Amino acid sequence: MDYKTRTRIARILVDDAVAVDSDVTVLGLARTVRRSKGVAFVDVNDGSCFGNLQAVFAPPENFPVLEKILTGAAVRVRGKLVRSQGKGQEYELAADSIDLVGETDASYPLQKKRHSFEFLREIAHLRPRTNTFGAVNRIRSKLSYAIHKFYQERGFYYIHTPLITTSDAEGAGDLFRVTTLDVKNLPMKDGEIDWTSDFFNDQAYLAVSGQLEGEALAIALGDIYTFGPTFRAENSNTSRHASEFWMIEPEMAWAEQEDNWDLAEEFLKFLFTYALEECKDEMDFFGQWIDKEARQTLESVIKADFERISYTEAIKILEASGEKFEYPVEWGCNLQSEHERYITEKALKKPAIVYDYPEAIKAFYMYLNDDGKTVRAMDVLVPRVGEIIGGSQREHRLDVLEERIRKMNPDHMESYSWYLDLRRYGTRPHAGFGLGFERVLMYITGMANIRDVATFPRVPGWAKF
RNA sequence: UCCCCUGUAGCUCAGUCGGUAGAGCAGCUGACUGUUAAUCAGCGGGUCGCUGGUUCGAGUCCAGCCGGGGGAGCCA
């Protein structure tokens, strides 16, 4: 059968690039089939866009295969593109022929009605065929492109950092172990597991961040970014956490924390603008079915100047708020979700960049301020999702960094020797941050659960498909 | 990991006071000249998450376990 002769439905419905009366062939899945005595309709979706193309069959008895076409069947339809005689669509296909390429049966789980997201998660291999998950996956693709576009246009290099690491103390959560040892028969030495006989002659893990390696490349290439998968073995059971997710980590050599703030703000605004302008159909869909305020939320962020406040100022706002928080507020404490939400949703009513956190609650690699009490960390908070970006200006002074490691991770001095080399040879101020891709997608689409913006989500207790 | 909610047909759900299982959709059969979650008539479809307990009798009450969801912590 010839599959090369084909018109993507997006060419017809989105680009409006196919002339009426053209002969077209579409390949796709039958979404619904409606038959009556004189006329039958098959809505075909080929995944190229949100919309279905309605194929019209008259009279149906000339197309006996229609009786075998159920929702979900793969079909090829050939016919003439015409203006629709019915209401509800501009074009339709006056069909000359239809081939049933891949049949389906009554057990096909997807029906012509709304399914719960919980049910669809159990059939993650079929859910991309639905309107919602088709839109999610298309917007995921388009925003991936937008990320590259943003950085490439600004002279950042896309670099790849390792997914396997032997460094277990990057300070960003629990790690998945990578091993080829027989777990039922572990090699022992002096009563301990002998890791030197493992594949890498050492204990190995899946990386929780590419930041440290990213710094090495930034110092060589100037400005870089990573965009790839990352892994956290935290037992986090929330709608915002996944065990495997994609992260964007830009790193700028020759940069201090103000540059970091500017980049973060510009980056988010670029992505939101891109979604609104380049993903119109998907955004209309999300606005109608998922989150009525999706578009408005993005527009307000694009227009807002992000409020830049120090941690100390944030604490003052919280203390003066009169709110009763479950976790009491005092200088030195971690900002809890409820605190972050109050700041961005109630006090400021716009995105906030909070910086200069107490050194005791942040990672060792962050630049120590002259006050000796705070580091140049930054969290970007947005209404509804909370923390969407975390980053910092890095500590580039060798002696200060050594002291910080000695104080916070004394057992790992040895494994950071290469990282200290970056300060030993040609050091300079540099800064960067991490943005969780799925969290951006949640924010843009209004989808409430990270399991529904990841294509095949991995969370504690679930790694199917 | 902690707190709360929840589990009934393929899907979405109802099931009152403890009295022996229901609807819509999907599927099948038929009707219908333009439908669009098509409509109309009919038919088939159940280990009520699992195990145990209370009771003459449990979908319903109790306990434990398992699954799912929401929130918290950790974070992106």
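Biologist: Which residue lies over the face of tyrosine 357?

Modeller: Lysine 362 does, at 4.3 Å from the ring centre of tyrosine 357. Keep in mind that this is a predicted model. A charge counts as sitting over a ring only if it is within 6 Å of the ring centre and within 35 degrees of the ring normal. Another case is arginine 154, whose charged end sits over the ring of phenylalanine 270, 5.7 Å from the ring's centre.

Biologist: Let us turn to rings that pair with each other. How many aromatic pairs are there?

Modeller: The count is 29 aromatic pairs. In one of them, phenylalanine 150 and tyrosine 151 are 4.8 Å apart centre to centre, with 90° between the planes. Planes over 60 degrees apart count as edge-to-face, so this pair is edge-to-face. Phenylalanine 364 and tyrosine 365 also form an edge-to-face pair, with 5.4 Å between centres and 75° between planes.

Biologist: Are phenylalanine 150 and tyrosine 151 buried or exposed?

Modeller: Buried means under 20% relative accessible area. Phenylalanine 150 has 0% and is therefore buried, and tyrosine 151, at 0% too, counts as buried. Phenylalanine 364 and tyrosine 365 are buried as well.

Biologist: Which residues do ring pairs link into a cluster?

Modeller: The cluster includes Phe150 and Tyr151, and also Tyr145, Phe156, Tyr158 and Tyr225. Phe267, Phe270, Tyr274 and Phe433 belong to the cluster too.

Biologist: Now for helices. At roughly what angle do the axes of α7 and α12 cross?

Modeller: Helix α7 covers residues 294-303 and helix α12 residues 437-445; their axes cross at roughly 115° and come within 7 Å. Angles of 65 to 115 degrees count as roughly perpendicular, which means that α7 is roughly perpendicular to α12.

Biologist: Which residues meet there?

Modeller: From α7 come Ala294, Thr297, Leu298 and Val301, and they meet Tyr443, Ile444 and Thr445 of α12. Of the residues in this contact, five are nonpolar, two are polar and none is charged.

Biologist: One last residue, please. Where is glutamate 387 found?

Modeller: Look in strand β17, residues 386-393. Glutamate 387 has 29% relative accessibility and so counts as partly exposed. Leaving aside neighbours within four places in sequence, glutamate 387 is in contact with Glu340, Asp379, Val380, Leu381 and Arg439. The C-alpha atoms of glutamate 387 and arginine 341 are separated by 8.9 Å, while the two residues are 46 residues apart along the chain.

Technical notes: Residues are numbered from 1 along each chain as its sequence is written. Chains are lettered from A and ligands numbered from 1 in the order in which they are written. This is a predicted model: local features need pLDDT of at least 70, side-chain atom pairs count only at pLDDT 80 or more; totals for chains, interfaces and linings use all residues. Side-chain values use heavy atoms; hydrogens and water are left out. Rings of Phe, Tyr and Trp (its six-membered ring) pair if their centres lie within 6.5 Å; planes under 30 degrees apart count as stacked, over 60 as edge-to-face and the rest as tilted. Buried means under 20% relative accessible area, exposed over 50%, partly exposed in between (1.4 Å probe, protein chains only). Axes are lines fitted to C-alpha atoms, for helices over the stretch in contact, and angles run from 0 to 180 degrees between N-to-C directions. Helices (H or I, at least four residues) and strands (E, at least two) are DSSP runs, numbered from the N terminus. Angles under 35 degrees count as roughly parallel, over 145 as roughly antiparallel, 65 to 115 as roughly perpendicular and the rest as oblique. Contact means heavy atoms within 4.5 Å. Ala, Val, Leu, Ile, Met, Phe, Trp, Tyr, Cys and Pro count as nonpolar, Asp, Glu, Lys and Arg as charged, and the others, Gly among them, as polar.
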